[in-house]
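Take a moment with the sequence and the 3D view below. We will go from a sheet to an interface.

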Amino acid sequence: MHPYLKFEQIGMSFRRGQMATEVLRDIDLVIDKGEFVSLIGHSGCGKSTLLNILGGLLQSSTGEVFLEGKVVDEPGPDRAIVFQNHSLLPWLTVYGNVAIAVDKVFGRTKSKEERHDWVMHNLELVQMAQAKDKRPHEVSGGMKQRVGIARALAMQPKVLLMDEPFGALDALTRAHLQDSVMEIHARLGNTVMMITHDVDEAVLLSDRVVMMTNGPSATIGEILKIDLPRPRRRLELATDAEYARCRAAVLEFLYARHRVPARAAA
Amino acid sequence: MPAATAHATTTATVAPGPVPGATAEIVAFRPPMRPALQRAGEMARHFAGVILPPLIVIGLTLFVWQLLCSEPGARLPPPTKVVSDAWDFIVDPFYDNGGIDKGAFWQITKSLGRVGIGFSFAAVVGIALGVLIGQSTWAMRGLDPIFQVLRTVPPLAWLPLSLAGFRDSHPSALFVIFITSIWPIIINTSVGVRNIPQDYRNVAAVIRLSWWEVFYKITLPATVPYIFTGLRIGIGLSWLAIVAAEMLIGGVGIGFFIWDAWNSSRISDIIVALVYIGIVGFLLDKLIATIGHFVSHGVAAQ
C-alpha cells in the first residue's frame, strides 16, 4: 500500500555559472488523502520551490515525489495550483478562465453541456456564478482569487496546491476566503497543500503545519499536528486553549528558534 | 493607446467637474435641471476645453501664414490663394480626365491600395516572424542586431535595390512599403511574446495545453497589445514610404501627384495634397488603434 503523497529525500540546487546554491535538502514528508497541510517558514526558505516541485513546474535535483505511487515529473491537472497572484487570463471572462481548464481536462470525457454545468457548479462553489461574464480587471482581488480557486477545483485535482493564496488580500477578504476554503474542504474532502506565512491562517485551516528551517539548505524543522475539531469557527477559536497552544508553538518555532538573521533578511 | 487614454482622462476631468460645487442645488432641483441646463453646461465645458483650443491654434496659424505670404514677392502662396488656385482640385475629388489627371479621391485611393497590399504582407510576415523569434532566445540574440540596423534604413534607399530585383516599378513600390513597415511589427511582436508572464505559461503547463493551443489560446491573445503597437508604427511608416516611392516610380497616386504638381509649378495643389496626406495618415493610425482596442479586449486594461 503506497502512501497517498510522498516526498522522498527531495533536494534542490540552483546553479548559476560556477555557483551552486542549495535551496532545499532532505525533505521527507508523507501526506494522507484528504489532509490539509500548510507549509510555513520565512521568506526564501524554499516553500515555493517545494510546491513547484510537487506541481511539476520544477524538477528536483535529488529525490522524488510520489503521488499514489507514481513519480511526479511534469505539470498536470491532477496537481492543480492556485497561484499567489491569481494568474487569470485577462482576455477571458470569469467563466472563460474556468472553462479553458475544464474544456482541456474533460474535453474527451464530458459532453458540452456537462462541461458547462461543471464550470457553473465550480463558480457557484466559490460564489462567483453571478459574475461569470465579467473580465478579471472588473472584479476585486478577492473575487479574482475565488475564480483562481474555482479553476483549480474544476480540474478535480488529487492534490490542490495553494501558493500563498491570500497573501495579496486585505485582512477581511482573507478571512472570508479562508472560511470559503474550509467549507469547500469539508464538502469535497480534497487533499490540500498550502504555503503561507500567516501563523493564524496555518493553524486555522490545517490538519498539520509543516515548519521549514531557514535557507539556504532549508529542510523540515518540525511538524505540528493541529488537533482541533472541525468545523472550526474563528470566533470560538480565539479563546480556545488548544488553538492558543498551537499558535504559540508555531510562533515559537518561527521567531525564537529560526529567526531570520539580520543580514540574510536584507 | 496613449491618445486614447489621454482623451479618456480629459473627458473624465471634465465630466465630474460641475458636481462637487453644486451638490445642494442639484439634489433639490434634480428632475428639471438635469436634462436641460446641466447638460448644456457640460457640453459648453466640453466645447471650451476640447474643441476650442485646436480651432484657435489653427486659426492663428492660418492668420500668421496669411500675413507672412501676403506681401508681393512672397515665394509661397497665402491660404486664400491656395484655396482659390486649387479650388477645382478641392471641390471635385472625383474628376477623371484620363491619364494621370485624376481627382484627389482617385489619387488617394490608388495610394491606399498600394499601402493596403504592402502593409498586409508586412503584417502577416512580421507577426509570424515576431512570434517565432520571440519564442527563442537564440534567434532573438542573433537576429535583433540585424533588425535594429535594417529598420533605420530609409524607405527610398530600398527602392533602387528593389527596382533592380523586380525590374518593374509596381512591385518595387509594394516591396518598399513592405520592407519599411515590417520591422516595428517584428520587433514589437517578439518583445510581446517574450513578455508573456510566466504565470500564463504555468497555467498552460498545468492544464497541459498542446503547442498549438498555447499559441492561439495564450501567446496570441497575450501579445495582441504589442502586435497592435507594432502595426500602428508600421502603418505610419508605410504611408511615409508610399509617398516617397510614388514620387520616383510615377503613375497615379498622391505621391506622384505632388511631384507632378511641382514640375508644373502648382504650389497650391501641393499644399492641399499635403493636408490630405496628413489627414489620411492620421485616420489610418486611428483605424489601427480602434481595431486594436476592440481586439485586445481587457488585456491592455491590466
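In which sense do strand β1 of chain A and β2(A) pair, and over how many bridges? The pairing of β1(A), residues 5-16, with β2(A) is antiparallel and runs over 9 bridges. Keep in mind that this is a predicted model. One place to look is Lys6(A): its bridge partner in β2(A) is Val30(A).

Now widen the view. The sheet in chain A is open and has 4 strands, in the order β2-β1-β4-β5, with antiparallel pairing. Its edges are β2 (19-31) and β5 (70-71) of chain A. Each of these edge strands pairs on one side only. A helix joins the picture. Helix α1 of chain A, residues 47-55, packs on the sheet. It touches β1, β2 and β4 (62-67) of chain A. The direction of α1(A) makes about 115° with that of β1(A).

Next, turn to where the chains meet. Chain A gives 22 residues to the contact, and chain B gives 20 residues. Together the two chains bury about 1900 Å², with 69% of it on carbon and sulfur atoms. On the side of chain B, Val206(B), Ile207(B) and Arg208(B) lose the most area to chain A, together 32% of what that side buries.

In one of the salt bridges, Lys104(A) joins Glu213(B), with the closest N and O atoms 2.8 Å apart. Polar contact links 5 residue pairs across the interface.

Which elements of chain B give two or more residues to the side that touches chain A? They are α11 (198-206) and α12 (211-249) of chain B. The largest share, 6 residues, comes from α11(B). By type, that side of chain B divides into 11 nonpolar, 5 polar and 4 charged residues.

Notes. Residues are numbered from 1 along each chain as its sequence is written. Chains are lettered from A and ligands numbered from 1 in the order in which they are written. This is a predicted model: local features need pLDDT of at least 70, side-chain atom pairs count only at pLDDT 80 or more; totals for chains, interfaces and linings use all residues. Side-chain values use heavy atoms; hydrogens and water are left out. Contact means heavy atoms within 4.5 Å. Buried area is the accessible area (1.4 Å probe) that two parts lose on being put together, summed over both. A salt bridge is a side-chain nitrogen of Lys or Arg within 4 Å of a carboxyl oxygen of Asp or Glu. A polar contact is a pair of N or O atoms within 3.5 Å; within protein, one must be able to donate a hydrogen and the other to accept it, and residues adjacent in sequence count only if both atoms are side-chain atoms. Ala, Val, Leu, Ile, Met, Phe, Trp, Tyr, Cys and Pro count as nonpolar, Asp, Glu, Lys and Arg as charged, and the others, Gly among them, as polar. Two strands pair if DSSP finds at least two bridges between them. Axes are lines fitted to C-alpha atoms, for helices over the stretch in contact, and angles run from 0 to 180 degrees between N-to-C directions.
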